Structure formats: structure tokens, C-alpha cells
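Keep the picture open while you read.

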Amino acid sequence: MIKRLILIVCLLLPGLIPAEACTSAIIGAEANPYGRPILWKHRDTSTIDNKVEYVSSRPDEHSYVALFNANDKKLQEAWMGMNDVGFAIMNTASYNLKDDKVSSKQMDKEGFLMTKALKRCATVDDFEELLKTLPRPMGVEANFGVIDAYGNGAYFETNNHSFTRFDLSDAPDHILVRTNYSKSGRPNEGFGFVREANACHILSPYAEKGEITPELLTETVSRSFWHDMKQRDYATGEDRWVIDQDFIPRFKSTATIAIEGCKPIAKDATPSKEMVEKEYIMWTGLGYPPCSEIVAVRCSPDGVDPSLRGTLPNGHSPLGDKVKARRAEVFPITKGNGEKYIDMTKLFNSEGTGFVQVLVPENLETYAKERAVRDK
């Protein structure tokens, strides 16, 4: 009997671990030294291969650029993106909002919903109206984060039948952070409590000075091994083998993306495609973030670098495959629970040849170069 119980528990455990688990933030223009809001998502998913594609507009729809799974041939499910009028969206899965018996077959529609939003919405309020009009059940359990060209930002904690809106303007420090539970959901359920604390710990001193930038998010937060529960930074320790638990970057992390919008326009102004193409930048790091290179993406037909596009077999992107090979060096143990052990010497070492040590300076040069082009 005991053996049977142990077997049942072992079979159930994988289902208790969320397949989709992300860390995200919305940063107000007041907290950014360039006066621009930021939408950031550190994506965690079992679907490791990602790509970025531009989708041209159809009648009465907006064109947009977005992150897709590599195997999404028809580009039906966007997992983060921005459109030609400055509306941007992303999500994190939530695990304490669902309050019905809708079957799993009818769930996981978040990517379809975000694609619809990118085609239709221009403002944060437009997205709220979209949620109100969608057929029920919506097939989602998620925190949707959105910004627009007017400087507005909000999270919509959404389940099959309802949602709760949290506006950026109500956040005293001009920052909202979400992981894999919802503030409006059932208390003490969900995931990502430590990752949320990690992000807040890193961002707090910068928020006080209004110095949160996209590069802080992609180069520091997404590559940090600070563990708030243990009050320890494992990137600076002497341990070679570190257990991959409750860090922001995880074995299943597949991208870090910060969409930096425009300086908020007047309420009676209308954002143009030309303005969005020039002002908006989707700073994109595909693959395991500590090993990723940052590429600037713009919302235009030629705004996506070929290294990010799904041009390889099975829709793989060249940069995605390149970074996946680097991740294999960071997680070199393939037997047993090998994927749980990080070889920290591949990321940080005394010779200064770790992936983080080499790539961050190169990425900061990319930021400086692309920002100079934008701001001139």
C-alpha cells in the first residue's frame, strides 16, 4: 500500500509544477530616466524554441511584431508584442484565479487573446473593453500586462469570466511586478513568490532614483542569481554547482524582452505608425537569458533581425539555437535530475570568461548604439 502511494505521488508531482512560469514588470515613465514606460517579461516555458516575427495589418486591424513559439507556423499565439499604434502586451500565467470547472482542453488561450489584442487595441482602455466583450469562458488564467502611447499601464488579472484591473498610476513607486499568482486571487496559492521578491529587491534602489532602464531588466534582473529567501547572491559565491530553484533565470527560461515605449503623448493626440516605428524598441534576448544577446526590434516590415526569425527547420531562429547550445554548457548533466544543477563557472568565473561576463558588456554596447539612433 505504501509503495502504491509513493508511486501515485511521483506520478502527480510533475503536474504540480507549472509549465508556464514567468517574471514580469510594468515600469512607469516616471521611473525611467528617459521618460518612457517599459513592459518587461522574463519568459519561462516548456516550449524552449521561440522566434520573433512581424505581422502585416489586414483591413481594420493593426500590424504588429511579437514573440511566438517556433512551431507556430500560422503565428496565431503571440506571447509578447507591440503594434503600430503603440499598444504593447504580455502575460504571466496565474495559478490562483480559476474558480470554475472548465476543462483543461478549453484553457491556455492566452496567446490567442494577446494576438487578438495586438490586432484590435490602441490603448489600455481598449484592452479592458476587449476583455468585456469576449465570449465566456475566455479560456485564460493569467496576469495580462499592457502599456500604450499615452503612458498608461495596467495589469489585468483575468480568469474565464472576470478580471481585476491594477493601474500603474496607482503604484506609489511607478512599478508593478507579477509572477505566477494574482493579487486578487486566492491567498497563499500560486507560484513565484520568491522570484517576485528577487525582482523587487533588485529594482527597489533604482526605483527610488527613477533609474529603471530596459538594460537593468535584461542585463541585471534576468541574469541575477539573487535568492531572496536565503538573502544570498549565488553569482558571487564559491559554489560551482548550484541548484536551480527560485531564481529569476531558470532552466525553462526562454526569453527576456523589454518593450520601451515613447514619451507619453497628449491625450488628444493620435500615435502614428511612423512615430511608433522610430520611438518604440522591443529589446529582445532569445533563449536562456544569462546566455542571450540583445537585439533591437522595431514594429516595421524590416524591423526584425534575421537572427530572431524562424528561418531554420521547424521554425527555429538562428539566435535561439545558438543560445540553446550555450545553455547546454550551463546545464551539462543529462542524467537523472541533471537539469536542476547549474554550473556557475560557465556564467561567472575568475578569468572573466563566463557567458554573463562576456555578453553583458556587448549587450550594453547594443543598447547605446540603438538608443543613439533613436534619440538623435
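Predicted model: local features only at pLDDT ≥ 70, side-chain atom pairs only at ≥ 80, totals over all residues.

Residues are numbered from 1 along each chain as its sequence is written, and side-chain values use heavy atoms, leaving out hydrogens and water.

Q: Why is α2 called oblique to α3?
A: Helix α2 (residues 110–120) and helix α3 (residues 124–133) pack at about 130°. Angles under 35 degrees count as roughly parallel, over 145 as roughly antiparallel, 65 to 115 as roughly perpendicular and the rest as oblique. The angle therefore makes α2 oblique to α3. Angles run from 0 to 180 degrees between N-to-C directions, with axes fitted to C-alpha atoms over the stretch in contact; here the axes are 10 Å apart. Helices are DSSP runs (H or I, at least four residues), and strands are too (E, at least two), numbered from the N terminus.

Q: Which residues make the contact of α2 with α3?
A: From α2 come Leu113, Lys116, Ala117 and Arg120, and from α3 come Phe127, Leu130 and Leu131. Contact means heavy atoms within 4.5 Å.

Q: What classes do the residues of this contact of α2 with α3 divide into?
A: There are 5 nonpolar, no polar and 2 charged. Ala, Val, Leu, Ile, Met, Phe, Trp, Tyr, Cys and Pro count as nonpolar, Asp, Glu, Lys and Arg as charged, and the others, Gly among them, as polar.

Q: What makes a space a cavity, and how many of 30 Å³ or more are there?
A: On a 1 Å grid over the protein atoms alone, a cavity is a set of points where a 1.4 Å probe fits but cannot get out; lining residues have an atom within 4 Å of a point. The count comes to 1 cavity of 30 Å³ or more. The largest cavity holds about 90 Å³, and among its 14 lining residues, Ile48, Asp49, Gly287, Gly320 and Lys324 are the closest to its centre. By class, the lining has 3 nonpolar, 7 polar and 4 charged residues.

Definitions and conventions. 1 Å grid on protein atoms, 1.4 Å probe; cavity = no way out; pocket = protein on both sides within 12 Å on 5 of 7 lines; lining within 4 Å. Points joined across faces, edges and corners; volume = space filled by probe spheres on them.
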